[in-house]
Amino acid sequence: MNTPGLRLLGAALVALLGIWAGLKAYSVRRAHEIPAVAVPAGVASAPNRSDGAASEAAVPHPLVPARLPDFSLRDLTGKSISISAWSGKSLVVNFWATWCAPCRREIPLLKTISAEWAGRDLKVVGIAVDYPDKVKDFAGRFKIDYPVLIGDQDALDVAAKFGMASPAFPFTVFTDRRGEVVALFLGELHRPQVDFILSEVQDLNQDRIQLPEARRAIADGLQALAEKQAG
Amino acid sequence: MQRTQATLLSLFLLLGAAGTAHAKPWWMRGIESNETDFLPPDVAFRVAARIDGSALKVRWVIADGYYLYKQKFEVKAESPDLLVSAPQLPAGVVKTDPYLGTQEIYTQQVEAVVPYTRIDAGAHPIQIKVTYQGCAEAGLCYPPITKVLFPNAQPALVAPNVPPYPWESIAITAGAFAFLLAGLVLRKGRKLDVPA
């Protein structure tokens, strides 16, 4: 230890010891912080790395598109169908799942809408985010007579294209015949709301109003309907 | 009223709001546009777990207008040394839906008692994975939610103490000592030129 080289080596070793201890402390603390964040205040578990909600908070959600995005999913027979198969028609694209009670409740209304608009420029399309076997069984029992597309992750990807990256069900997208997204309705549909939205879609299709005007009218109309129901 | 809150997402399609509002999750857009939307799932259903003797107690607090399905509850062990029994749940409220049949549901709150045993005397922190699924009365259902919880011994709804970090104080002390020692080692043998 008398030479300057040995002294420098000794100093370097103790400095390395200090750095190692600091890094160790930092890593241990980080490891402790994960459960501390996951169970804040012992009340509610916030998402952590092991569940999907964590990434949901971190991943930016896409915009609700101005126009109907292009996508393909399999139908009840397993055949891949593009949504563009109905281009030129107004669409009522209903996202649902068999385990979802309000989704099931609105199926008869969607069947009625589909029947009433048969042969005209509007199509109801169901997108089931579910297991194909369950959907086929359900569609048979409920005699769903409008097109139903099915998917799991691929259907979730489609939902994300509509700005619903972590979707709850049901939700329904309305487009005009040009493929412009006119409304996205979250929750169970009821007849008054559907009729109101479709009347605006019709006005759009016949160029009686412009898209911004239709969107505002739908927003105001739904608000009025909701207040009427609540009151 | 919930339906009122629920059905107005189309407001966000107003062109004026499109620029910024849509970058947020769907349940926040309502706030953005001064509307009240459906609650995000973690707010509609808050869950916490604690250790209570030989059982874990998992408690869900359910927002008004929301409910959880009894048959959708699952609790599994995540720690390698943990064995859990099936959760014991109280009787729920019977809800009959013509399109989904009869189900037992919980509103407001529910607590599951989960007996557990550990096979290596606690070498690992207790972790459990809980799954649950629920809906809003206004007509919206959330997909099954799965979370990993770290039950603690604190009473429910009381903030736990911040866990101690023993390595932190050791490291600070070691770091300070290391710098002192390094200084001493470097200084050894040096002589200061002291003016006469």
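## A hairpin in chain A

In β6 of chain A, Phe174(A) is the bridge partner of Val92(A). That contact belongs to a set of five bridges that join strand β3 (residues 90–96) of chain A to β6(A), with the two running antiparallel. Strands here are DSSP runs (E, at least two residues), as are helices (H or I, at least four residues), and both are numbered from the N terminus; two strands pair if DSSP finds at least two bridges between them. Before going further, please note that this is a predicted model, in which local features need pLDDT of at least 70, side-chain atom pairs count only at pLDDT 80 or more, and totals for chains, interfaces and linings use all residues. Residues are numbered from 1 along each chain as its sequence is written, chains are lettered from A and ligands numbered from 1 in the order in which they are written, and side-chain values use heavy atoms, with hydrogens and water left out.

β6(A) (residues 171–175) also pairs with β7(A), antiparallel and through five bridges. Across this pairing, Val173(A) faces Leu184(A) and Thr172(A) faces Phe185(A). The two strands make a hairpin with five residues between them, and Gly179(A) in the turn has a positive phi of about 85°. Both strands are well covered: five of the five residues of β6(A) are buried, and so are six of the six in β7(A) (residues 181–186). Buried means under 20% relative accessible area, exposed over 50%, and partly exposed in between, using a 1.4 Å probe and protein chains only.

## Charges around the turn

A salt bridge is a side-chain nitrogen of Lys or Arg within 4 Å of a carboxyl oxygen of Asp or Glu. Arg178(A) pairs in this way with Glu180(A), at 3.5 Å between the closest N and O atoms, and with Asp207(A), at 3.1 Å. Asp207(A) sits in the loop between α6 (191–205) and α7 (211–230) of chain A and Arg178(A) in the loop between β6 and β7, so their pair ties together parts that are 29 residues apart in sequence.

Arg178(A) is partly exposed at 30% relative accessibility, and Asp207(A) is partly exposed at 48%. Asp176(A), Arg177(A), Arg178(A), Glu180(A) and Asp207(A) are linked in a network of salt bridges.

## A three-stranded sheet in chain B

Chain B has five helices and twelve strands, and 41% of its 196 residues are buried. Three of the strands form an open antiparallel sheet in the order β4-β9-β12. β4 (74–77) and β12 (145–149) are the edge strands, each pairing on one side only. Four bridges join β4(B) to β9(B) (residues 128–132), where Glu74(B) stands opposite Thr131(B).

Glu78(B) lies in the loop between β4 and β5 (82–84), 51 residues away from Lys129(B) in β9(B). Both partners are partly exposed, Glu78(B) at 34% and Lys129(B) at 30%.
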